[in-house]
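Reader: I am new to reading protein models. Could you walk me through this one, step by step?

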Amino acid sequence: MPKNFDVVVIGGGPGGYIAAIRAAQLGLNTACIDEWKNAKGGPAPGGTCTNVGCIPSKALLQSSEHFEHAGHAFADHGIDLSGLKIDVAKMLSRKDHVVKQNNEGILYLFKKNKVSFFHGRGSFAAAGEEGYEIAVDGDKPEKLLATHVIVATGSTARALPGADFDEERILSNDGALRIAAVPKTLGVIGSGVIGLEMGSVWRRLGAQVSVLEALPTFLGAVDEQIAKEAFKVFTKQGLQIQLGAKISQVKTGKKGVTVHYTDAGGAECKLECERLIVSIGRVPNTVGLNAQGVGLKLDERGFVAVDDDCRSNLSNVWAVGDVVRGPMLAHKAEEEGVAVAERIAGQHGHVDFNTVPWVIYTSPEIAWVGATEQQLKAEGRAYRAGTFPFMANGRARALGDTTGMVKMLADATTDEVLGMHVIGPMASELIAEGVMAMAFKASSEDIARICHAHPSLSEATKEAALAVDKRTLNF
Ligand code: FAD
Ligand code: NAI
């Protein structure tokens, strides 16, 4: 006899586990199925984000940033360190420990919220009048019967044609997070978010990092002024970034990898490196779901086709997170998970895609929300822009981290904040003020009139808002 549930969530990443917790909070009898295994074969819920994404990458970014600060910045503070070295094995095991804490935290949250957890692969076995039969293929095979199903099966790294991931020489995000010794040379294909974050980690630890990007522009989705500043800073730090590179062949050998490509000027070139990270985007993961068997519609790119409310073509089947359209971000997945659980419970869940923030956790960090200046120009919208450099911020000077700026964009007539862009220290934290301002439809004057603590980096946000009206006080 199958076990009956109001809601079965397939996938325990940030989209799935959060949806399951919210559904259970709302009194729905909920199960979550996730197949991720830890090193011992046990359950490791949390998905890409927890196991090979957000969390481990931020752990390594932190370790490598400490190393870089200790080697380069501490001397300015009068702290003298000699004989500095990095123990990569220890750094990786700390990262694994952080991941494990998060896996365990999610299992605890399932217990606390009375979510039934099943370890294994979930698939649609049948669709009938009473609901959907979901098979769990794991150590203990199970059959579940669900009134509602939420598909939250996430995404996987896209491989370059002819260069499959072996995770030894050609690395996806997974292999990039567990290189056992700092390579002398590291190649990166794709100067997107993973390329820049993981490239920064291994550069800080001593690798010579070369990044090959197909597009002629750097960080095309980022505000041009910010992207230009980022390119300048990353290049100065030692990341070698080549734009307009067309990869023709990737060959692996005993010593490393050779990448043949044509550069922006059309010259044939080759890059030799010990290891190669391929970070050219991700593809939705619907493998083994048996979507076809029950008629669950996928779009032409393989995403589960959903409407604005995450409803699929099948009644009571929903999908959230990386497996559906929209930005592949953990917080976007979570927001969709909460909204779907609330809709199932008869409430009016809502996600505002205009106020989803983006962060690139390099140093300096890059964060933004809302429209870029180039988007506003393309729309023909009249706007005013204000920028404030961290060089003129007292807290940034005290930190010794004055790179970058805050930029505010506001409607020329109503003064409503349309976008906020930051490159600089703690951009990931500062951006929350811009998100809040946009969610509340605040004006730049509203931000300018709010009392910000002194000395703090957030004063740069206030000053950028003042700059919209050309009346900065400290610049
Ligand atoms: P996932 O996290 O991919 O989870 C899906 C889960 O479903 C997995 O556990 C998978 O094993 C399981 N699953 C799949 N099919 C089945 C099945 N049939 N049965 C059972 N289980 C199944 N985003 C940010 O917002 N901030 C960041 O800093 C950030 N850093 C990142 C760094 C890296 C290196 C990478 C790769 C990604 C990063 N992301 C970041 C993106 C973020 O990880 C994803 O957007 C997020 O994990 C998507 O959540 P999800 O729940 O949709 O899918
Ligand atoms: P991405 O989409 O950020 O960047 C991919 C880059 O590769 C693009 O610049 C693209 O032009 C380039 N590219 C594509 N094909 C190429 C080719 N054949 N040769 C050379 N360059 C090529 O994808 P990435 O970095 O793989 O990350 C995937 C997603 O994971 C991100 O889009 C983001 O949604 C998520 N992520 C989020 C993070 C965060 O929020 N801090 C961190 C890491 C990942």
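Author: Happy to! Let us begin with a term: a salt bridge is a side-chain nitrogen of Lys or Arg within 4 Å of a carboxyl oxygen of Asp or Glu. Please keep in mind that this is a predicted model.

Reader: How many salt bridges does a search of the whole structure find?

Author: The search looks for a Lys or Arg nitrogen within 4 Å of an Asp or Glu carboxyl oxygen. Over the whole structure, the number of salt bridges found is 22.

Reader: Which residue forms a salt bridge with Glu 68?

Author: The closest N and O atoms of this pair are 3.0 Å apart, and the cut-off is 4 Å. Glu 68 lies in helix 3 and its partner in helix 6 (residues 193-204), so the pair ties together parts that are 135 residues apart in sequence. The partner of Glu 68 is Arg 203.

Reader: Is Glu 68 buried or exposed?

Author: Buried means under 20% relative accessible area. Glu 68 has 18% relative accessibility, so Glu 68 counts as buried.

Reader: Which residue forms a salt bridge with Lys 407?

Author: Lys 407 sits in strand 21, and its partner is in helix 10 (residues 373-379), 34 residues apart. Both residues of the pair are buried. With closest N and O atoms 2.4 Å apart, the partner of Lys 407 is Glu 373.

Reader: Arg 381 forms a salt bridge with Asp 411. Where in the chain does Arg 381 lie?

Author: The closest N and O atoms of Arg 381 and Asp 411 are 3.1 Å apart. Asp 411 belongs to strand 21, and the two residues are 30 residues apart. Arg 381 lies in the loop between helix 10 and strand 20.

Reader: And is Arg 381 buried, partly exposed or exposed?

Author: Buried means under 20% and exposed over 50%, with partly exposed in between. Asp 411, with a relative accessible area of 9%, is buried. Arg 381 has a relative accessible area of 34%, so Arg 381 is partly exposed.

Reader: Which residues are linked in a network of salt bridges?

Author: Here the salt bridges join up into a network. Its members are Arg 384, Asp 415, Asp 469 and Arg 471.

Reader: Let us turn to domains. How is the protein chain divided?

Author: Domain 1 is made of two stretches, 3-157 and 283-351. Domain 2 covers 170-280. The remaining part of the division, 356-468, is domain 3.

Reader: How much area do domain 1 and domain 3 bury between them?

Author: The size of an interface is often given as the accessible area lost when the parts come together. The C-alpha centres of domain 1 and domain 3 lie 31 Å apart, and the contact takes eight residues from domain 1 and seven residues from domain 3. Of the area they bury, 71% is on carbon and sulfur atoms, and the total is about 630 Å².

Reader: Which residues of domain 1 lose the most area to domain 3?

Author: Together they account for 45% of what the domain 1 side buries. These residues are Lys 58, Leu 329 and His 331.

Reader: How many salt bridges and how many residue pairs in polar contact are there between domain 1 and domain 3?

Author: For salt bridges the count between these domains is zero. For residue pairs in polar contact, the count is two.

Reader: Which helix gives the most to the side of domain 1 that touches domain 3?

Author: Helix 3 (54-73) and helix 9 (330-344) each supply at least two residues of that side. The greatest contribution, with three residues, comes from helix 3.

Reader: Ser 57 lies in helix 3. Which residues does Ser 57 touch?

Author: Ser 57 has a relative accessible area of 6%, so Ser 57 is buried. Leaving out residues up to four places away in sequence, Ser 57 touches Leu 177, Glu 197 and Met 198.

Reader: Last one: how many residues of helix 14 are buried?

Author: Helix 14 spans residues 459-468 and is mostly covered. Its buried residues pack against several elements, including strand 20 (383-389), helix 12 (427-439) and helix 13 (444-449). The number of buried residues in helix 14 is ten of ten.

Technical notes
Residues numbered from 1 in each chain as written. Chains lettered and ligands numbered in written order. Predicted model: local features only at pLDDT ≥ 70, side-chain atom pairs only at ≥ 80, totals over all residues. Heavy atoms only, no water. Domains from an automatic or database assignment. Contact = heavy atoms within 4.5 Å. Buried area = accessible area lost by both parts, 1.4 Å probe. Polar contact = N/O pair within 3.5 Å; in protein donor to acceptor, adjacent residues only side chain to side chain. Helix = DSSP H or I, 4+ residues; strand = E, 2+ residues; numbered from the N terminus. Buried < 20%, exposed > 50% of the residue type's maximum accessible area, 1.4 Å probe, protein only.
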